[in-house]
Amino acid sequence: MAKNPDLLPHFITFLPGIANPLTRQTVLQHYSKVLQKSFPQDHAVLLEYLDTNPEETFSKETLTIISQLPSINSQLKQLLIEKAKSNVQLITYVAAHLNMQEVEEVIPTLVSQPETSLSTYMSSLLEAPEVDPSEVLAKILSLDLATPQVIKALKVALDLRHVYYQETLQAATEKIVRLEPIPETCMYFILKANELYPQLKSFFISYALPYLLERKVWEYPRIWKGFVTFIERTTPDSIQVLDLMPHDVQQKLLQRETIRKGKLEETMRKQKS
C-alpha cells in the first residue's frame, strides 16, 4: 500500500459495485489484507466516503476491518465518534478504540436507545480496554435526562453481570455518592446493587449511607425515599446510621414500624453481646 497510495481510492470506486458474490469475496479479502497491512486511515477519500455513506455495505465492511485493528488514526476515530452521535450503530465499530473521555461523548446517544438494542451497544462499549465500567455508571447517573431513561440504562448495565460484578459496583458507588448534584437515581442504583450482591450491604451501611447523610440527603425527597427504603430492607443492620442523623430526622423515622422494630432488635442484640 505504501508503494501505491492511490490503490485505496480504486477499491472505493469499484468494490461497492461488484455484484458477483465470488468475485466480491475475493476482492474483499484482498482489500482487507491491504487495509490491515498498511492502512492510510486518514486518507481523504476514505474519510469522505465513510462520512457520506455510513450505511452502505462497503462502509460497514470497511468498519468491521477497522474495528479489528490494534489502533486507529485520531482523525478517523473522531469522525466515527461524531457520526455515532446520530448513528448509534457505529459505536460497535469504534468502541474498542475509545477512552473514557471519548465515551462521555457518546453516552447520551447510547442511553436514548431502545432497551433491546441498548444492551448490545453497551456491551461493546464496556469491553473496550480503556473504558472503566464503574465510571460509565457514574456518567449515566449524572446525565441531565428524564429518570425513566436513566433507570432503563441502569437496568441494562446491571444485567451485564460479566462486567458489573461486586467490586465494580462498589467502585461505582464511591464515585456516584460524590457526584454534584446528588443524582436522583442514586438510591435506586444502591438498592439494585444490594439486590444483586447482598455482600455489599455492609459497605453501603458503613460508607455510602453515612456519606450521603453528610450531604444532608434528607433534604432531597426522592433520594430520601430510597434511602429510607434501604434502611427498612436491611434492618436491623442499618439501624446504626440513625445515630448519624439530626435528632428530629431520626425521630420521624422511628415512627415507622419497621424501623422502630429494627431499633428494638438492634438494642437487644447489643445487650446480648
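Tutor: Leaving aside residues up to four places away in sequence, Glu 266 touches Pro 236 and Ile 239, where contact means heavy atoms within 4.5 Å. This is a predicted model, in which local features need pLDDT of at least 70, side-chain atom pairs count only at pLDDT 80 or more, and totals for chains, interfaces and linings use all residues. Residues are numbered from 1 along each chain as its sequence is written, and side-chain values use heavy atoms, with hydrogens and water left out.

Student: Why does Glu 266 count as buried?

Tutor: Buried means under 20% relative accessible area, exposed over 50%, and partly exposed in between (1.4 Å probe, protein chains only). Glu 266 has 13% relative accessibility, and therefore counts as buried. Its place is in helix H16 (residues 257-272), helices being DSSP runs (H or I, at least four residues) numbered from the N terminus.

Student: What span is expected of H10, and what does H10 reach?

Tutor: The expected span is 1.5 Å times one less than the number of residues. H10 has 12 residues, and its reach of 16 Å from first C-alpha to last is close to the expected 16 Å.

Student: Which residues of H10 are buried, and what covers them?

Tutor: The buried residues include Val 150, Ile 151 and Leu 154. Among the elements covering the buried residues of H10 are helix H7 (100-111) and helix H11 (166-176).

Conventions:
Helices (H or I, at least four residues) and strands (E, at least two) are DSSP runs, numbered from the N terminus.
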